[in-house]
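Here's a quick walk through one model, taking a whole chain, then a helix, then a sheet. Have a look at the structure before reading on.

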Amino acid sequence: MDNIAGTKSGLTWAVHLSVAFLVILWLFPTVGLFVSSFRTADQIATSGWWKSMFPAEQNLVIRAAAPDTQVQQGDLYVIEGDLFEGRSAGTVSVWGISSRAIADYKAGDTAELNKGGTITVNPDGTYRMENTEEFTGSRGQRVFITATTPPEFTTANYESMLLDPRNSEGMTKAFFSTLTVTIPSTVIPIVIAAFAAYALAWMEFPGRALLIAAVVGLLVVPLQLALIPLLKFHNVIGIGKGYVGVWLAHTGFGLPLAIYLLRNYMVGLPRDIIENAKVDGATDFQIFVKIILPLSFPALASFAIFQFLWTWNDLLVAMVFLVDSTGETTVMTKQIVELLGTRGGNWEILATAAFISMAVPIAVFFAMQRYLVRGLLAGSVK
Amino acid sequence: MKLNLLASVAGLALIAGAANAELRFAPGEGAFNWDSYEALKSVDLSGEQITVFGPWLGPDQELVDSVLEYFREATGADVRYTGSDSFEQQIVVDVEGGSAPNIAIYPQPGLAADMAGRGQLTPLPQETADWTRENYAAGQSWVDLGTYAGPGGEDEYYGFFYKVDVKSLVWYIPENFEDAGYEVPETMEDLKALTEQIVADGETPWCIGLGSGGATGWPATDWVEDMMLRTQDPATYDMWVTNDLPFNDEKVVAAIEEFGWFARNDDHVAGGAGAVASTDFRDSPKGLFSSPPQCYMHRQASFIPTFFPEGTVIGEDADFFYFPAYAEKDLGKPVLGAGTVFAITNDSPGAQELMKFLQSPIAHEVWMAQSGFLTPHKGVNTDLFGDPTLKKMNDILLNADTFRFDGSDLMPGGVGAGTFWTGMVDYAGGADAQTVADEIQNSWDALK
């Protein structure tokens, strides 16, 4: 017995380890995105996020204060300041004043400037430039330092998205607009699909198998095929671009999966209950409302999560059926794309926006996740 | 509940609309051509909605809005600008689906030409063509670039150019050049000598990045076009763009190899030749600013300062010089550029008026006085440029002996925004220039 127990525990360890490995692998990109959302664009461009969490030795180019800040002390013109001003303090080890010789001087040394005068840089980043003549030029002297700096994070990205009036107005508008798109686009297909699924699962009529096959067939049709014809159709019947159009489109694109999923679940419900009810004289509608719907709740919930996430994150369908050139309608995804700029260069905003737009779906997911697995497995395992 | 939501959405929209409503420069002040603004007030478009759809987002969107605001203010029209990062796909869907905006702003003339051929654009009146010929520097060439074959095959003037980019620029850090004792090269021979000298000094001369998501490869097409203009005469360039000169001609292959001289040598490029295709074009200029510098020069169009580190002052922290021409070839100073085309996709009186507004100096000056705007309009006050760099770029434009439009934008989409891009990625990755050119020519033949 000891033997067997021993083998067992070894296997358990293997399972735990591989689960831990998979979870870490799965979370890795998200953690990276999260860390990046607290960094500036320049930081993201110059070093990986995994380096940002530890003190690191960095080569920096920092400008000393501009000549117009010089003060006269006796015969000398002096510029003083702190190289780490406006960033987290570090420790300078070596430094230089030429891009070709960035480590010529140790902290505390004094260097001769090319244009006359001297500069001294201390380990704590403070510096003093002295000159017998006035410093000229409009930009400060460049100092190349090699410094150990502590991790530095900023909430500026979140502030610019949520508090900056230029962005936050658009984001708030987009948030409500997205809810206006998402909620009906989740409810309508579920209602229709529940009726259809019941009919396909429990009502006897000719051609039922063919209909089910057709629904399964529709699952593989890419929605891109339908974009232009459907938009033309909307324009012909007078809906045009707008909320109604995007609700209809999401409903249409979501229905095949919804019907398929719900029908498979409902077919698995015990036949006895339904037949008993029929014997007792219940109509199909009563059976549907009083028996099937309550029993199908896990499946309904799991599909609701799917549909909600998909419509929340959708950009394509919204751009085609909702966002018109009057600029009155928008969605979160569109707003985020706009924040990225014409050439998509604002990476820091991308990471931040991802987390802000993720908040609602995550809340929905956690509120309903216990139904998700149950609903998904339903119909596949009996 | 839904009504509440809709009401709050509408309310927010109103607030957003109100926030825009102010003119960037007060009428009557400064050296702007305010006459053209006053003249606009005679046009009354109150209550008319004009929708404009273009590729500009973020700061660029604010800039274009600041220009349109003058039109709104003067005519009372309700002009709406919306931007999209997938403009090229979106405009096709909208127009085909029957919900076209009034005016579309094309970043590439090729797509405008396609849509004109399908009868989806409204030709501009003859006066606009005459006006462009008269008032734009090299006017006829701008008219030619905006003239496409209509649905019946006859040529008509559809596209009006507004906002131009110069592409033949090399960006560098003046202080790094100073530290190393390098001079700004005046000729291509000097530029190549400088490249070799930097290598001899143990440093890396160039930062080149071709990555751009789905459009990866386009920066290399600009290199090849610039090299075409520096090794062949403009007529040959024009023939190449229309495929009267086959893509696999030895002249084109030679231009591709000129690019290869810079990009395919491990010593010439930061990160080695292997990094060229995988580096994002937005990240590649950052090597100029690192300590120690990863590279000394970066060839890119006039928009690239957007991707420089925050706080960079152009003209002091970083500067540019004209991507020089060969002294021995006697081809003058060719300049490669690009521009955006305005075209009417859904005709209305307001749309026609807005196109007329774009011809007025004020429409150019308002953007000029801010940032990132060059114009061939001869009637504007060039003192108004927001910063001296823009003026310097405009001078490059004006001093050009030859101005040629970005060739890949003029080629059919399947080549200019397809196989030319991917071919250049293959070439940067080590493929043979002749093989790459043959493949691009094959793809072009297949489109005919």
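## Chain B as a whole

Keep in mind that this is a predicted model. Of the 448 residues in chain B, 49% count as buried. The C-alpha trace of chain B spans about 65 × 55 × 50 Å along its principal axes.

So does the overall size fit a globule, and what are the numbers? A compact globule of 448 residues would have a radius of gyration near 22 Å, and chain B, at 23 Å, agrees with that.

As for contacts in chain B between residues at least 6 apart in sequence, 75% of them link residues at least 24 apart.

## Helix α10 of chain B

Now zoom in on α10 of chain B, which covers residues 218–231, 14 residues in total. From its first C-alpha to its last, α10(B) reaches 20 Å, close to the 20 Å expected at 1.5 Å a residue.

Is α10(B) mostly covered or mostly uncovered? It's mostly covered: 14 of the 14 residues of α10(B) are buried.

## A sheet in chain A

Over in chain A, there's an open sheet of 4 strands with antiparallel pairing, ordered β1-β9-β4-β5. Its edge strands are β1 (56–63) and β5 (105–106) of chain A, each pairing on one side only.

Inside that order, β4 (residues 91–96) and β9 (residues 142–149) of chain A run antiparallel and are joined by 5 bridges.

Note on methods. Residues numbered from 1 in each chain as written. Chains lettered and ligands numbered in written order. Predicted model: local features only at pLDDT ≥ 70, side-chain atom pairs only at ≥ 80, totals over all residues. Helix = DSSP H or I, 4+ residues; strand = E, 2+ residues; numbered from the N terminus. Expected span 1.5 Å × (residues − 1). Buried ≥ 20, exposed ≤ 12 C-beta atoms within 10 Å, placed from the backbone. Rg over C-alpha atoms; globule rule 2.2 N^0.38 Å. Contact = placed C-beta atoms within 7 Å. Pairing = 2+ DSSP bridges.
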